[in-house]
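Please look at the chain below and follow how selected side chains are placed within the fold. The report that follows goes from single residues to the whole chain.

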Amino acid sequence: MAVSMDDDVPLILTLDDSGSGASAPLDDLDREELPNENGGSYDVINDASSPAAGDGCAQQSSARHNWEMNYQEAAIYLQEGENNDKFFTHPKNAKALAAYLFAHNHLFYLMELSTALLLLLLSLCEAPAVPMLRLGIFVHATLELFALIVVVFELSMKMRWLGFQTFIRHKRTMVKTCVLFVQFIEAIVVLVRQTSHVRITRALRCIFLVDCRYCGAVRRNLRQIFQSLPPFIDILLLLLFFMVIFAILGFYLFSPNHSDPYFNTLENSLVNLFVLLTTSNEVLKLVFFGCSFPDVMMPSYARNPWSCVFFIVYLSIELYFIMNLLLAVVFDTFNDIEKRKFKSLLLHKRTAIQHAYRLLITKQRPSGISFKHFEGLLRFYKPRMCARERYLTFKALNQSHTPLLSLKDFYNFYEVVGLKWKAKRNREHWFDDLPRTAFLIFKGINILVKSRMFQYTMYTVVAVNGIWILVETFMLQGGNFFSRNVPWSYIVFLTSKLMPSNRAVSLLYGVELLLKTTGLGPVEYLSSGWNLFDFSVTLFAFLGLMALAFNMEPFYFIVVLRPLQLLRLFKLKKRYRNVLDTMFELFPRMASLGLTLLIFYYCFAIVGMEFFAGVVYPNCCNTSTVADSYRWVNHTVGNKTVVEEGYYYLNNFDNILNSFVTLFELTVVNDWYIIMEGVTSQTTHWSRLYFMIFYIVTMVVMTIIVAFILDAFVFRMNYTRKNQDSEEDNGIVLEKEIFKEEVVGIIELYKRSSAATETAELQKIVLQMDKYGQMSTLFLGRRSRTKSDLSMKMYEEEIQEWYEEHSRKEESQTPLQEPASASTSSLKPLSLRQRSQTVI
């Protein structure tokens, strides 16, 4: 049949690249054409344009093998673009390819992760160990050696893939190798001596976790922290400069007062002003009331009321100006880094797509990629993708509606390949095929649950329920709130003995759940995040009642989750919706930032255990100014024994778990000075450096976290203002129509290529069309909207400038060559592919 080039018909049935009116036969697309480039120098294929008759089969087999290598290398390029891997680490020969494939699978990734976690968890068993987890030196040293040998194997595979020259150029890998060498020597020494020694280098074990494939977000966070350090250090030096100036001034002003212990030496002046700056949550008390520790101002204030001017000026400059300036500078730097990172990754992906494109075009058809070669690419890039999704992905990319996929269309590969395709339902509602009476009932329920009246009624119920919960909780007394005798009628009404007045409210929640499930259908109902949230809370309420009814005491806590229903009220105001949406979007990134903070905790915990283990204990600091916080005394008053206990001895470094708790208390800087002075009184005044450095490091990380939250929220607000009419809540949705003859043609192509087993999904489509007498079917591709998608919208105008700049840079680095044909795309195929590095 003859069709035009503009018809949206299957590519295997449209024109060939000569532009003739006859449709391209399957044999034409199924024949083995010569690739434009040989895949990665993995194999050398002689380019014989007219082979002898006896060598035809061998030539065809060689060409097929060469295409398989090209598919694989193109998939590797696309994966490097997606993961932001530098192109100089690309495998260069068959030996390197085998090692690359071995090192890039999930089993290898899990081995990396398990080994890193084992090395980190050994700190639970090594001295000073958690008492119940203590292991013998021979056992934990042997486990450490075993884990390090696995790391040696991982690095040897990486060197086999990268080659020695590239291996030593890879900075992170070389750091890991040096740490491995030191750890290996220390483990052998411990095993030979059968005793532990001071091993501060254990703090470097976290490099093994950071280098894991699954911790890429942590590496990006660390990179951003280091990139933000220069402006941070500038403002920090300014802050320390004023602190030194005020410390000198305070020493000269207040040291003559012998009753003032805070400024009697320059060291004490610096330390106490530093503490005064960090205890920001106690500043008002400290300045005006003097009822917090350390009470820096009050001795001087008691002697001369005008001394308060010194402290007010100091806190105004340091706390309210420079600290806020620090946040502003970090936020501006972070925002700029985020933009540059997006630009870098975008251009890196574009370069990866160009490399893959050169490998997939043919010498006979250099103007684009045929479906056959695109399908071959996806078999390596996404092996689990079925034949139906491969074709739909090709069709979604092919915006020019030509037999071949142009480079311009191929640039959208990353945006389209992640779509999940489902056939669009022929029915509008799940109940359309039911008898008329049932249809009308369910249609009425559908209209009801979608109405504004129903929604605002439920909001009113939630608000009343929240007030009820607040009033009844306020009236409760301490003790056992959970009755063990729960009538079965309460379970029917989804209520609890805890709040008996909520029977009607809980009944309404159950009715709402039933109405929405029947009116919308289970699939549509659960596809909404808010509906899923409502369902979970109602389910937990029922489970809590079951726990009460059957006296399952460990599960009583489920009952108190019911107030979470109040979150539904935040849907009413757009600003609240934006805040909640931003919060949910931030969860994955916040998890990686939390892990980054834990890595810093681990490093400081190891150092703290090596120097301060066993230092702090009850009544340890009787000669220091913080003795009361560590005092543990029991004495008899009348007939009773009274215990005066200062709980700060529990903040110690006796094992890794206690160290983490202590470091968290230092992070929130609430009376952290007591912990620091307690340790200092038992060791040396140089111990203060450990605590001060920890505060500065956590301040950097926490400032980055705050800057990240601000950037995400401001970015979303700006995007919302710029795209007021967009419905970003629906994610990315793409609709494509495929015809029956297309599907039949694709099935035939798979049969000719000996891949008939992959056509099951395609055959289902044909059967479905035959069942309903249709000639075409609509498919919807969906995926969640990412920040990268939002950035594409926000920087739409600048992106074109970035592309032009990138093209000019490539042209200046690549010699101009004659295009293969007039119809060839702007990217000129190269006879020898040049290996470029990541544009960063």
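In this predicted model, the side chain of asparagine 652 reaches the backbone oxygen of tyrosine 649 at 3.1 Å, and a polar atom of the side chain of asparagine 652 also lies 3.2 Å from the backbone nitrogen of aspartate 654. A polar contact is a pair of N or O atoms within 3.5 Å, where, within protein, one atom must be able to donate a hydrogen and the other to accept it, and where residues adjacent in sequence count only if both atoms are side-chain atoms. Asparagine 652 has its place in the loop between β3 (640–645) and α26 (656–667); helices (H or I, at least four residues) and strands (E, at least two) are DSSP runs, numbered from the N terminus. Asparagine 652 counts as buried because its relative accessibility is 7%, where buried means under 20% relative accessible area, exposed over 50% and partly exposed in between, with a 1.4 Å probe and protein chains only. Not counting residues up to four places away in sequence, asparagine 652 touches Val616, Asn658, Ser659 and Thr662, a contact being heavy atoms within 4.5 Å. The C-alpha atoms of asparagine 652 and tyrosine 617 are separated by 8.0 Å, although these residues are 35 residues apart along the chain.

Because the model is predicted, local features need pLDDT of at least 70 and side-chain atom pairs count only at pLDDT 80 or more, while totals for chains, interfaces and linings use all residues.

Leaving aside neighbours within four places in sequence, threonine 698 is in contact with Tyr601 and Thr667, and its C-alpha atom is separated by 9.9 Å from that of phenylalanine 664, 34 residues away along the chain.

| Residue | Relative accessible area |
|---|---|
| Glutamine 72 | 14% |
| Threonine 115 | 8% |
| Phenylalanine 612 | 6% |
| Phenylalanine 691 | 1% |
| Threonine 698 | 3% |

Glutamine 72 is found in helix α2 (residues 56–83) and, apart from neighbours within four places in sequence, is in contact with Leu97, Leu101 and Phe380.

Which residues of helix α3 (residues 94–103) are buried? They are Ala96, Leu97, Ala99, Tyr100 and Ala103, and because they cover an arc of only 165° around the axis, they are on the same side of α3; the arc is that of the directions from the helix axis to the C-beta atoms. The N-terminal end of α3 is capped by asparagine 93, a side-chain oxygen of which lies 3.2 Å from the backbone nitrogen of lysine 95.

A pair of aromatic rings is described by the distance of the centres and the angle of the planes. Rings of Phe, Tyr and Trp (its six-membered ring) pair if their centres lie within 6.5 Å, and planes under 30 degrees apart count as stacked, over 60 as edge-to-face and the rest as tilted. A search of the whole structure finds 46 aromatic pairs. The rings of tyrosine 77 and phenylalanine 87 have centres 5.8 Å apart and planes at 70°, so this pair is edge-to-face. Both tyrosine 77 and phenylalanine 87 are buried. The rings of phenylalanine 612 and phenylalanine 691, by contrast, have centres 6.0 Å apart and planes at 15°, so they are stacked. Because phenylalanine 612 lies in helix α24 (residues 574–612) and phenylalanine 691 in helix α28, this pair ties together parts that are 79 residues apart in sequence.

Phe691 is also among the residues with the most contacts inside the largest nonpolar core, which has 110 residues. A nonpolar core is a set of buried Ala, Val, Leu, Ile, Met, Phe, Trp, Tyr and Cys residues joined through side-chain atoms within 4.5 Å. Helix α28 (residues 688–722) gives the largest share of this core, 13 residues. A second, separate core of 48 residues includes Trp67, Leu78, Ile353 and Phe394.

Over the whole chain there are 32 helices and five strands, and buried residues make up 46% of the 840 residues.

Note on methods: Residues are numbered from 1 along each chain as its sequence is written. Side-chain values use heavy atoms; hydrogens and water are left out.
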